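User: I'm new to this structure and would like to learn how to read it. Could you walk me through a few features?

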Amino acid sequence: MAVGIVREYDALVVGAGPAGACAARRLALDGARVLMAERKPRVGMPVQCAEYVPMFITYYVPLEAGHIAQRVDEMETFLPTGEVVRNRFPGYVLHRSLFDKSLVASALKAGAELLLGARVTGLSDRGVVIESRGPGGRERFEVAAKVVIGADGPISTVGKAVGRENTEFVAGAQCEVLLDRPLEATRVYFDPEYFGGYGWVFPKGDTANVGVGVQLTGVPGPGNSLLEAREVLEGFLDKLKVGRGRVLGYTGGLIPVGGPLAATSGRVLLAGDAAGHTHPLTGAGILHAVIGGEAAGRAAARAIRDDDMEALQAYDDEWRSIFGRSLERAAERRALLLSNWCCDRAALSQLIRRTWIAFRSPADRPLMDVPRRSPQWGREAWR
Ligand SMILES: Cc1cc2nc3c(=O)[nH]c(=O)nc-3n(C[C@H](O)[C@H](O)[C@H](O)COP(=O)(O)OP(=O)(O)OC[C@H]3O[C@@H](n4cnc5c(N)ncnc54)[C@H](O)[C@@H]3O)c2cc1C
């Protein structure tokens, strides 16, 4: 079907998650005409996340009281031998849907536009092709843009179009359960059965996100990988003695864990999960999506303003300088973890002690640390 150009923008951002919203906001603040295309009909829904962020995310983005379900100061790691180790890991368990919505609202207030129910199906010579369902039925049209930012999650259409795809995934299955009594710390459980992953209990006041992530051994297929993880989750609930009558809802999703991809290709930038910017050991990606999105938006705005696509390379320099080393080091640890994974509980506990973030030595500091703001970091107030 032939498609005509409907609109022209300076930049087109694919996906209205944290990476896309932060990229669009920065582009708009820096004077670019920017459109976000989001395939879902509603921003922030459904939530596919355990919702934990480290406290220093507030160096990069403000958190309103309403975004926070619970503050936590410590993490308890349950080893396969039964030992429990407690460490300081201050952070927040968010109301992720509200957080995502407020990031998108900030982008719109800065001047970005949002198209919902708009699935980008591929790149064209001048921009992207979008399919959407409107009152008049299915529509297919092209939007022209000088720069395209693929912030379209773990299985990225934009990444695929430029040959930069995530290839290693953890499948996460999760439910929200009603607690008997509030919990103070986040809890992480290792078990031979949770291959390459772990179980988690992240408290949210009266409830908690209870989930498991397991490494996929093959290419993710429609639904199959998540069903496998869901079976492991049922066993985890039994182990925790959570009755099915206490479950308020299920969710799940894929987490890229292969480490960062080269995120710049011609006039295309990838950000967040699309760029493999999730921590390969923990699976955490909200913080990296916020930082990477902002950095991608800044580089794109400069390239558009100066009509110089070489300026897009500044994006790679910036994200690498802030969290590149941390992700690469974690990817090395993950490779060690996978190649030595075993069913012997004592041996697996030793392996976890060598690899998991709770057992870092001073030499491991890059595993988790994200410096405060980079010198270029924008200081405009969030609205
Ligand atoms: C079970 C689970 C638990 C997790 N727990 C945590 C946690 O506790 N802490 C943490 O930091 N991270 C966690 N993560 C990871 C975190 O959710 C991601 O790293 C984060 O959402 C990345 O943001 P993003 O903007 O890159 O991608 P996303 O939030 O995935 O947003 C991408 C957006 O792009 C849209 N999109 C996709 N394709 C298209 C297309 N073709 N056209 C238009 N729109 C498109 C999607 O609908 C989506 O809205 C978890 C992930 C899972 C699956």
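This is a predicted model: local features need pLDDT of at least 70, side-chain atom pairs count only at pLDDT 80 or more; totals for chains, interfaces and linings use all residues.

User: Which residue stands opposite Q70 in β5?

Analyst: That's V93. Strand β4 also pairs with β11, this time in parallel, through four bridges. In that pairing, E76 stands opposite R187.

User: How do I read burial, and is E51 buried or exposed?

Analyst: You count the other C-beta atoms within 10 Å: 20 or more makes a residue buried, and 12 or fewer makes it exposed. E51 has 22 of them, so it is buried. This residue belongs to the loop between β2 and β3, and although E51 is not a glycine, its phi is positive, about 75 degrees. The loop between β2 and β3 also holds P46, which is joined to M45 by a cis peptide bond with omega of about -5 degrees.

User: What about D307, buried or exposed?

Analyst: D307 has 8 C-beta neighbours inside 10 Å, so it counts as exposed. Look for D307 in the loop between α5 and α6. It isn't a glycine either, yet its phi is positive at about 50 degrees.

User: And what do I make of L179?

Analyst: L179 has 16 other C-beta atoms within 10 Å, so it is partly exposed. You'll find L179 in the loop between β10 and β11 (186–189). Beyond its neighbours within four places in sequence, L179 is in contact with P203, D206, T207 and A208.

User: How many residues does the largest nonpolar core have?

Analyst: Here's the general idea: in soluble globular proteins, nonpolar side chains tend to be buried together. In this model, the largest nonpolar core has 114 residues, and A11, L12, I149, L269, A271 and A300 have the most contacts inside it. Helix α5 (residues 286–305) gives the most to this core, namely 12 residues. Take L269 as a case: leaving out neighbours within four places in sequence, its contacts include V147, I149, A296, A299, A300 and Y315.

User: Where is the kink in helix α6 centred?

Analyst: On F323: α6 (residues 313–340) bends there by about 65 degrees. F323 is also one of the buried residues of α6, along with others including Y315, W319, I322 and L337. The buried residues of α6 pack against β15 (264–265), β16 (268–270), α5 and α7 (345–355).

User: Last one: which residues come nearest to the ligand?

Analyst: There are 39 residues around the ligand, and G15, G17, G172, G272 and G285 come nearest. Several elements give two or more residues to this shell, among them α1 (18–29), β2 (34–38), β10 (169–178) and α5. By type, the shell divides into 17 nonpolar, 15 polar and seven charged residues.

Terms used:
Residues are numbered from 1 along each chain as its sequence is written. A nonpolar core is a set of buried Ala, Val, Leu, Ile, Met, Phe, Trp, Tyr and Cys residues joined through C-beta atoms within 7 Å. Two residues are in contact if their C-beta atoms, placed from the backbone, lie within 7 Å. The bend at a residue is the angle between axes fitted to the seven residues ending there and the seven starting there. A residue is near a molecule or strand if its C-beta atom, placed from the backbone, lies within 6 Å of it. Ala, Val, Leu, Ile, Met, Phe, Trp, Tyr, Cys and Pro count as nonpolar, Asp, Glu, Lys and Arg as charged, and the others, Gly among them, as polar. Two strands pair if DSSP finds at least two bridges between them.
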